[in-house]
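Visitor: I would like to learn how to read helix packing and sheet order in a model. Please take one case and go through it.

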Amino acid sequence: MSTSRSASTVSDVVAEMERRYPPVWAQEWDRVGLVLGEPTAPVRRVLCVVDVVPETVAEALAVEADMIVAHHPLLLRGVSSVAPTTVKGRIVHELIRAGVALYAAHTNADVASPGVSDALAARFGLTGLRPLQRPAPGSPAHGDDRGFGRIGELPHPMTLAELTRHAAAVLPVTSWGVRAAGDPRRMVRTLAVSGGSGDSFLGAATAAGVDAFLTSDLRHHPASEHVAADGPALIEAAHWATERPWLDDLAAFLREAPGVETLVSDLDTDPWTVHAAAPVVDDKEPDREG
């Protein structure tokens, strides 16, 4: 931790976050910004997380963080109570008692350049990056290279099967793993990526003419129809795994604030914790029946 510079305050960190990820860039339905915390409270240590869940809150308290900066909002949907009889209420009470501030940057960080999908693209060494879907003209986020998702060129072509194995190697490990839809032998040169839920961008990936699209939370019917229509191959990883890479960029940025030390949570907060592959059938095994 730096001792040569005076500590920042909560409002200082908020100002830095909103300079890089203006709240007006967020989608209308989103809830970003300061969730709780005294603006004048000092901040010497920040923990960067994807999800605000009991495990990451416990981690923040264990490392004596003064502030959590999260990707997913804790209170995305309206609530009428934060009583400690609910999971979110207990989190709010625990953070207030410990004096830990909470800030969220969600779709405003998704659309930023650099943003969430830039960090994901970097895991694959993509070059020539451009947005997968640009904000509508006239919207606050429109302009420059901002937009949801990224499209780029792989360092060298891979088959879909090879790229799927490569994705499992370069992304954070989860029980979910990585799966793909399409011909395993299909050659992939151009790849679109989008951190988080991405099936709303299936049409954009098709229109862009990419060879494959990597994202998470793909639904059965849209994915099935997409593949049947000969769209780009699909690669699906766990939601947390596609957004965790951004935390490293976020932490590096926040270290520029006076007196602030940043830590990154590597706790796997993907809700799926068990995976079992189908058993491999050995056709050479003799039939032992009877």
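This is a predicted model: local features need pLDDT of at least 70, side-chain atom pairs count only at pLDDT 80 or more; totals for chains, interfaces and linings use all residues.

Guide: Residues are numbered from 1 along each chain as its sequence is written, and side-chain values use heavy atoms, with hydrogens and water left out.

Visitor: At what angle do α5 and α9 pack?

Guide: Axes are lines fitted to C-alpha atoms, for helices over the stretch in contact, and angles run from 0 to 180 degrees between N-to-C directions. Helices (H or I, at least four residues) and strands (E, at least two) are DSSP runs, numbered from the N terminus. For α5 and α9 the angle is about 100°, and their axes are 7 Å apart. The two helices are therefore roughly perpendicular to each other, a label for angles of 65 to 115 degrees; under 35 counts as roughly parallel, over 145 as roughly antiparallel and the rest as oblique.

Visitor: How are α1 and α9 oriented to each other?

Guide: Helix α1 (residues 10-20) packs on α9 (residues 239-254) at about 125°, with axes 11 Å apart. This pair is therefore oblique. Contact means heavy atoms within 4.5 Å; on the α1 side Val-13, Glu-16, Met-17, Arg-19 and Arg-20 take part, and on the α9 side Leu-250, Phe-253 and Leu-254.

Visitor: How many residues of α5 are buried?

Guide: Buried means under 20% relative accessible area, exposed over 50%, partly exposed in between (1.4 Å probe, protein chains only). In α5 (residues 116-123), 6 of the 8 residues are buried: Val-116, Ser-117, Asp-118, Ala-119, Leu-120 and Ala-121. Their cover includes α4 (107-111), β7 (127-133), β8 (148-159), β10 (187-197), β11 (212-216) and α9. Just after α5, Gly-125 has a positive phi of about 65°.

Visitor: In what order do the strands of the open sheet run?

Guide: Two strands pair if DSSP finds at least two bridges between them. The open sheet has 6 strands in the order β7-β8-β10-β11-β12-β9, with mixed pairing. β7 and β9 (178-181) are at the edges with a single partner strand each, so one side of each has no neighbour in the sheet. From one strand to the next, the twist averages 30°.

Visitor: Which helix lies across β8, β9, β10, β11 and β12?

Guide: That is α6 (residues 160-170), which runs at about 115° to β8. Within the sheet, β10 and β11 pair in the parallel sense over 4 bridges, and Val-193 stands opposite Leu-214 in β11.
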